[in-house]
Amino acid sequence: MRDELARQLSQLRDLTGRSLRELARDINASSSSLSRYFSGQAVPPWPTVVALCKAAGRDPRPLREVWERAKDRPQASPATAPPVRNDLPHDITAFTGRRAELDALLDAARTTSVVAIDGMGGVGKSALAVHAAHLLTADFPDGQLYLDLHGFTPGRERLEPGEALRVLLSALGVPAGRIPDGRAERAALWRSELATRRAIVLLDNAADAEQVREMLPGAGQTFVVITSRRRMVELDAQPVSLDVLPSEEAAQLFVESAGGVRPGDVDAVLRHCGNLPLAIRVAAARLRHRPAWTLDTLVERLRDGELVASDVFEMSLRQLDPAQRRMFRLLGLVPGEDIDAYGAAALAGIPLANARTLLEDLVDVHLVQEPAAGRYRMHDLLRQAARADDSAADPVPAIARLADYYLSGLLAVKKLILILIPLPVTVSQPPSALPDLSDHDSAVNWMDTEWGNLTATFALTVQLRIDLAAVGLGQLATIAHARRGGSAQLRDGLEVTLPAAERLGDRRVLASHRYLLGVLLLRMGRLDDAMPELEEAAVLMAAEGDIVGEAMALFQLGELREQVADAAGAVEILERAAALLPPHEAAVGARVRSSLSHALVSLGKYAAAREIAADVIETTRETDRQTMRMCLDVLGRAALGLGDVKAALDYAEQAVAVSQGTHHAIFEAISLNDVAVALLHLGRTEEAAARQAEAIGILEQADEPDQVARVHLQYAEACLDTGDRDAAARHFQAAVALATAHGFDYLVPEARSGLARLSRPVPGHVPTSRPRR
C-alpha cells in the first residue's frame, strides 16, 4: 500500500510543476523527507499529505483511506529496495558567482535530459557541475553518479567508452556477471537500467562527444551533466559555456579562498591570475598557508612566474594536431587585443580558408575565444602558455607578415580617402586575402576596428627592428589624423621610426618621413619645428624628381605661412606649387588651388577667392570630397566677408555634411565652428553657442589643443563683431590659457590683441585666425 500512496503523492508533485526544493519550501518540509515519501520509503504525516494536495489543487479526502492502510502496514524489508548510490565529490568550498549558469543548470534539470558545460581549462566547469549536482540530489533519489573520464588529465589515459559503461553499470548495482562484453550491449543495458530510475549522472572531463555519446540516457527521467574543454556541438545537449569570472566575483572568490582580507592590491593578484578560477584558488591557497605574506608578496611571486599557466593547459595542447598547435603558438604573438581571420592567415602565412578552419577548431576546444563574429582573442594565461610552448622561436617572420597585412589594408584605405601625398611604402609579403575594402565606408570601418591592433603591431615592429614595416606603418598611420586626431601620438610614431627610415637608406622614404613629421608638427602648432622639416622634405623630393611630393610640401608651407599671418607669403608659395604640377596631376592641383583660395580670403580678396573655389568645386564634386569640403569652407567665409550671411551658413552646413559623410571628425569640427560664426551673425546666439560647444567637444576628444585654441579665437572674433563682449572675452581668455599652457606662442599676441579691443568698437570683419584644414 505504501507503493500506491507513493505513486499518488508523486502524481500530486507532478501536478504542482515544482522542483523538490521548491515544494519542500512551500509546504514547510525537508527535501530529504519528501524524497522518502515519494519513493515509498516512509509514510508522511497526514498534515503533510494535506499540504501536498493543497499545493496541487486537489481534495485530500480521497487519499485518507490509502494513507491509513499504508501507515498501518509494516515497511518492506530494506533488502528489497534498489541500491541508491551517491558518488559525487565533496562540494567545493567558497563556491562563488556563476548565478546565471547555475540557474540555467537547475532549470534544465526539469526540462531536458542532457547538459554540456564547456570552457577553457581551469574556468570552473567541474566545480559548477558538482555544486549543481549536490543541490539537485533530492530531486534525483535513485542515484547520484560521478565519473571522471580523464579527457584532459595530465599523466592519465582517457577512459574508453566501454570501460566507462562498465564502471557506471557497476555503480547502479548490476552484477559483474550481467554486464555484457560488447560496448553496444553495455550501452543498451545502461539505457535500460536508467529507464526506470530518477538519477543524476555527472560525466566529468570528457575529451569529446564520441567519448560520452553511448552514455547518454534513453527513456526515463535521468539527468546527465557533461563537462569538457571542447564544445559538444555534435550532441543533442543544452550547452552552458563558461568564461572567466567577472572582476567582482573573482575578488570575492579570492578573499573567501584565502581565508579573509589581507593588506595589498587584490586587483593586481587577479590580473596575474587572469580572473581564472583555478589560478585564483591556487594563488589563494598559497597565501592562506603563508600567514606572513601580504598580497604584495604574492604578486611578486606571481610576477616571477611561480604559477606556471602552461601546466593548466598542457593536456589541451596535446590534443591539437601540428597545424592547430602552430596556429595556437602564433596567436600567442599577436600584439593587439584580438585578430580577424585575415590577420591570422597572414600571421601564419596560409590561405584564408585554412586559417578559418584552424581558428574554429581552437574555439571549439576553448583555447581561443570568439567574442564577436569573426574576431578572435586569447585569454592572457593562454597567451602566456602559447608563448611558453615555443619560446625559442623567432617571432620576427610572423610579425612581419602580420604587419604586411595591416600595411596592405592601410594602402587600400589611403586610396579611398584620397590622401594625395605618394608614400613609398613597401609590402614585402602580400597577405593571401584582404577583407572587402572596395568602398570608402568599409575601408574606414576596417581601419577603426583594427586601430588598436595596428598601433600595437607598429610598436612591436619598432621593438623587433622590422624597419621596412615599422616605417610603413608609422607613415600610413598618419592618414587617420583628420578622423581620429592624436597628432602627438602620430608624431611620436614618426620620430621613433626616423632612425629606421635612415637605416633603410632610401632618400624617397626619408623625404616622406620628414614631410609627414612636418605636417604633424604644423597641426600641433609647433610652427618653428615644422618649417625646417617641410623645407627639407621639399628639397629631398625635388632632388628625387618627385614633383607631386614637392608640390605637397610647398602646399603645407603655404598653410604654415598663413598661420603666422603672412597670407601674402602663402599665396606666393602656393602659386609656386601650382606652377610645378603637370596637367595630369589634376587632383593635387585642385587641392593646392583650394588652399590658395583660402589664403586669398585671409587677404580679404573675397571675390577672387570665391572664383577659384567655385571653379575647383565643380571639378571635384564627384571625385574628391575632401577638396570639395575645403572649397565649401572658402565659399562660406568669402560669403560672410561679402555680407551674405545666409549663404555663409548654407555653405558651412554643406561642409559639415560632407565631413560627416567621410567620417572626418576634425574637419567636421572646423566647419561646425563656421556654422556657429554664421549663426552669431544672424542673431541666433543659442544655436551658435551649441554648435561651437559641439566643435570644441570633438576637438578636445581628439586631443587637438591647437585646433581648440584656434576655434576659440575665431568664435571670439565673431562674438566681438556681433557685440557680445562678454562671450568674446571668455573665448579670448580660453585661447590665451590654451596657447600659454601648450606653448603656442604665436597665438598669444592675437588672443591678447582681441582682449585689448574689447574696450573699443570694432567694425565687422572676417577674422584671419582659423582652424587648420
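Let's start with Glu360, which counts as partly exposed at 32% relative accessibility, because that value falls between the 20% limit for buried and the 50% limit for exposed. Keep in mind that this is a predicted model. Glu360 sits in helix α18, which covers residues 352–364. Leaving aside residues up to four places away in sequence, Glu360 touches Glu370 and Tyr376.

Now on to the second largest pocket, which holds about 570 Å³ of space. It has 29 lining residues, and the ones closest to its centre are Gly122, Gly124, Lys125, Ser126 and Ala127. Which helix gives the largest share of that lining? That's α7, with 4 residues. Helix α7 spans 125–135, and it belongs to a group of elements that each supply at least two lining residues. The group also includes the strands β2 (144–148), β3 (200–206) and β4 (223–228), plus helix α13 (277–288).

Last stop: the cysteines. How many disulfides does a search of the whole structure find? The count is 0. Cys53 has 0% relative accessibility, so it counts as buried. Cys631 is buried too, with a relative accessible area of 0%.

Conventions: Residues are numbered from 1 along each chain as its sequence is written. This is a predicted model: local features need pLDDT of at least 70, side-chain atom pairs count only at pLDDT 80 or more; totals for chains, interfaces and linings use all residues. Side-chain values use heavy atoms; hydrogens and water are left out. On a 1 Å grid over the protein atoms alone, a cavity is a set of points where a 1.4 Å probe fits but cannot get out, and a pocket is an open set with protein on both sides within 12 Å along at least five of seven lines; lining residues have an atom within 4 Å of a point. Grid points are joined across faces, edges and corners, and a volume is the space filled by probe spheres set on the points. A disulfide is a pair of cysteine sulfur atoms within 2.5 Å. Buried means under 20% relative accessible area, exposed over 50%, partly exposed in between (1.4 Å probe, protein chains only). Contact means heavy atoms within 4.5 Å.
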